[in-house]
Amino acid sequence: MVNGIAGRAGVELGVIARGTGWDFARSLGIPHGSDAAIGVAAHGHARTIDLGRATYRAWAGGETATWFANAGSVGMSGAIAQRANDTTKAFGGKVSYVWATFAVFARWRNTDIAVTVDGESRRARMYDVIVANGPFLGGGMKLCPEADPGDGTFDVLVIGDLAKRDLVLTLPKIFRGTHLPHPRAELLRGTTVTVDAPEPLPIQLDGEQPGTTPARFELVPQALRVRVP
């Protein structure tokens with residue numbers, strides 16, 4: 001829907017979240033229950049938020065661009081999103097993403113990644129680069145707890161060389177948003193983010209996995225009006 005209405009004047013988006021993670025709705029305080037969400041869509045007030053626009057290499061080949069509302073990322077999270085989407089949702093989105101996280105992490109091998117945020121560069125072995133417009137992703141993980149979809153900037157979380165023990169100890173804190181600061185992670189802020197690696201890495205946009213690096217994420221301020229409580 002965002003890719004159809006981004007930037008259009010006079011259009012307001014009402015959200016009834018039925019996806020696996022419903023993180024966009026959670027980031028905006030929109031209730032999960034259908035009746036309550038319909039009430040917000042019908043009678044809530046309109047909030048203007050920023051959007052992201054990602055340019056990347058599509059699976060079919062060639063460069064393409066896609067809008068995203070809540071979060072984009074590069075690295076292991078792309079594989080986690082695909083794993084969660086391909087498995088049963090019978091136990092809910094949170095369980096699906098936690099299971100997918102451990103299943104992918106057990107086999108994933110991190111690689112050298114080059115990241116630039118508004119001209120500030122990092123190059124190291126990393127598991128993931130999270131480009132967050134909202135605080136929640138991955139089925140309720142509060143990975144970027146201070147991200148605000150209306151503040152005109154991305155929160156960019158660079159996740160370095162984690163050990164399995166790090167993940168086990170940190171994951172409960174991630175759901176509470178108390179995992180930062182962390183010795184193997186760095187939080188940057190900016191409006192333009194580029195990510196590349198020697199081998200193509202999967203990207204994730206609002207829970208989907210549409211392609212690979214090289215990727216560029218650009219913040220587009222005040223690009224969408226959404227009905228919120």
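In which strand does Asp128 lie? Asp128 lies in strand β7, one of the elements in the views below. The model is predicted, with local features needing pLDDT of at least 70 and side-chain atom pairs counting only at pLDDT 80 or more, while totals for chains, interfaces and linings use all residues. Residues are numbered from 1 along each chain as its sequence is written, and side-chain values use heavy atoms, with hydrogens and water left out.

**View 1. Open sheet containing β7.** The 5 strands follow the order β9-β8-β7-β4-β11 with antiparallel pairing; strands are DSSP runs of E of at least two residues, helices are runs of H or I of at least four, and both are numbered from the N terminus. Two strands pair if DSSP finds at least two bridges between them. The edge strands, β9 (185-190) and β11 (203-205), each pair on one side only. From one strand to the next the twist averages 15 degrees, where axes are lines fitted to C-alpha atoms (for helices over the stretch in contact) and angles run from 0 to 180 degrees between N-to-C directions. Strand β7 (residues 128-132) and strand β8 (residues 154-159) are joined in the antiparallel sense by 5 bridges. Ala132 stands opposite Asp155 in β8.

View 2. Asn110, in the loop between α5 (93-105) and β5 (111-117), counts as buried at 9% relative accessibility. Its side chain has a polar contact of 2.8 Å with the side chain of Asp161.

View 3. The structure holds 3 aromatic pairs; rings of Phe, Tyr and Trp (its six-membered ring) pair if their centres lie within 6.5 Å, with planes under 30 degrees apart counted as stacked, over 60 as edge-to-face and the rest as tilted. Phe68 and Phe154 are stacked, at 5.9 Å centre to centre and 10 degrees between the planes. Phe68 lies in strand β3 (residues 63-68) and Phe154 in strand β8, so this pair ties together parts that are 86 residues apart in sequence. Phe68 is buried at a relative accessible area of 0%, and Phe154 also counts as buried at 0%. The ring centres of Phe68 and Phe217 are 6.0 Å apart with planes at 85 degrees, so that pair is edge-to-face. Because Phe217 lies in strand β12 (residues 211-228) and Phe68 in β3, the pair ties together parts 149 residues apart in sequence. Ring pairs link Phe68, Phe154 and Phe217 into a cluster.

**View 4. Arg26 over two rings.** A charge sits over a ring if NZ of Lys or CZ of Arg is within 6 Å of the ring centre and within 35 degrees of the ring normal. Arg26 lies over the face of Trp22 at 4.1 Å from the ring centre, and over that of Phe136 at 5.7 Å.

**View 5. Kink in helix α6.** Helix α6 (residues 164-176) has a kink of about 40 degrees at Thr170, shortly before the proline Pro172. The bend at a residue is the angle between axes fitted to the seven residues ending there and the seven starting there. Buried residues of α6 include Thr170, Leu171 and Ile174. Just after α6, Gly177 takes a positive phi of about 75 degrees.

Key:
Buried means under 20% relative accessible area, exposed over 50%, partly exposed in between (1.4 Å probe, protein chains only). A polar contact is a pair of N or O atoms within 3.5 Å; within protein, one must be able to donate a hydrogen and the other to accept it, and residues adjacent in sequence count only if both atoms are side-chain atoms.
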